[in-house]
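Student: I am new to this structure. Can we go through some of the terms used for it?

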Amino acid sequence: MAGPELGLRFQRCFLAARQLRSFPWPEFEHSLRTSPDSSLLLDVLHRTILHPLCVKYPPSVRYRRCFLTELIKKHESTPAEPLDELYDALAAILNEEESTHCYKNYLLPTGEYVTLSESVAVISGGTTGLVTWEAALHLAEWALQNPTGFRNRTVLELGSGIGFTGIAICKTCNPKTYIFSDYHHRVLQQLKENICLNGFVLELEAAQHIQLESGGQEAEGTNHQTPKVIVAELEWGSVTENQLLALQPDVIIAADVVYDPEIIGALVGLLQQLSTSRADRKPPEVYTAFTVRNPDTYHLFQAQLDKAEIGWQIIPAHSNRVFLCDVQSNVTILQLFI
């Protein structure tokens, strides 16, 4: 079973466009030396470069070129027989032009994929919101392990970016309504495209005109319901009371929104407003995940929460890695009590 298992590991790394060092190269070389036929190479090739999802939604040209070059290098260092398909695939990619966008595909435990169109640059169009960050992967993993917290509920995501966490939750956790939100026009455009790319139909209403059903009601067909999906333009510092009254979430989540000291005040202020706009309903549950890049920023966020009398606790780290997150990344998930 070493061959199929290796092929699956290559597939998961490749389709999510992980760095080349994430691939199981030592096991791959060992398997080639002990079984120098073409079956393993063909399996890896068809699970990666020639996978139907990759052919339809390809990762960046540079990434595919580097992967194939490394694959050929490993292959040529062993007594395995030459495989023309490898060189044909590389020749085809060498003739492609690099684009400003690429695709990444993430395998869910259900067997479905989350397919995202992303920028090939970390900063593009004046924003970092056109790529998926590690905290979004960690928050989605946590949600997948706690689906009952989202089932048949209205979920509001702050700073959705290009949509990974929300799309994963919509495909696996059966929320009743999922409200994606952001404010940068390029991010919102890409977010909508990714939501539709994954088979969801957007509601036509603008967020301020949404009339949501009261929370806590059980929907029919809860095991396979399709959530009501909405994209809202939400700027934290200028949100209106009518917008907040229209949202009425049962759960609020956010990934990697605590990275800039200048926006922390607006975020905490929005959470306070969301708490007081609930009328007679109980406050929503709030979860935020972020990579601690600067301890001072993290401590400032905690201090602002304390000042606003918003309680918080750290969610214990989960061990089930679904999306091949960087195990070295310092990601923290907090539950906030507003």
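Predicted model: local features only at pLDDT ≥ 70, side-chain atom pairs only at ≥ 80, totals over all residues.

Student: Why is helix 3 called roughly antiparallel to helix 5?

Tutor: Helix 3 (residues 39–47) and helix 5 (residues 61–76) pack at about 175°, with axes 12 Å apart. Over 145 degrees counts as roughly antiparallel, so helix 3 is roughly antiparallel to helix 5.

Student: What makes the contact between helix 3 and helix 5?

Tutor: Contact means heavy atoms within 4.5 Å. Helix 3 brings Leu41, Val44 and Leu45; helix 5 brings Phe67, Leu68, Leu71 and His75. These divide into six nonpolar, one polar and no charged.

Student: How do you know that Gln248 is buried?

Tutor: Buried means under 20% relative accessible area. Gln248 has 12%, so Gln248 is buried. Its place is the loop between helix 10 (241–247) and strand 6 (251–255). Gln248 has a positive phi of about 50°, although it is not a glycine.

Student: What makes Asp256 buried?

Tutor: Its relative accessible area is 10%, so Asp256 is buried. Asp256 sits in the loop between strand 6 and helix 11 (261–276). Its phi is near 55°, a positive value in a residue other than glycine.

Notes. Residues numbered from 1 in each chain as written. Heavy atoms only, no water. Axes fitted to C-alpha atoms, helices over the stretch in contact; angles between N-to-C directions. Helix = DSSP H or I, 4+ residues; strand = E, 2+ residues; numbered from the N terminus. Parallel < 35°, antiparallel > 145°, perpendicular 65-115°, else oblique. Nonpolar A, V, L, I, M, F, W, Y, C, P; charged D, E, K, R; others polar. Buried < 20%, exposed > 50% of the residue type's maximum accessible area, 1.4 Å probe, protein only.
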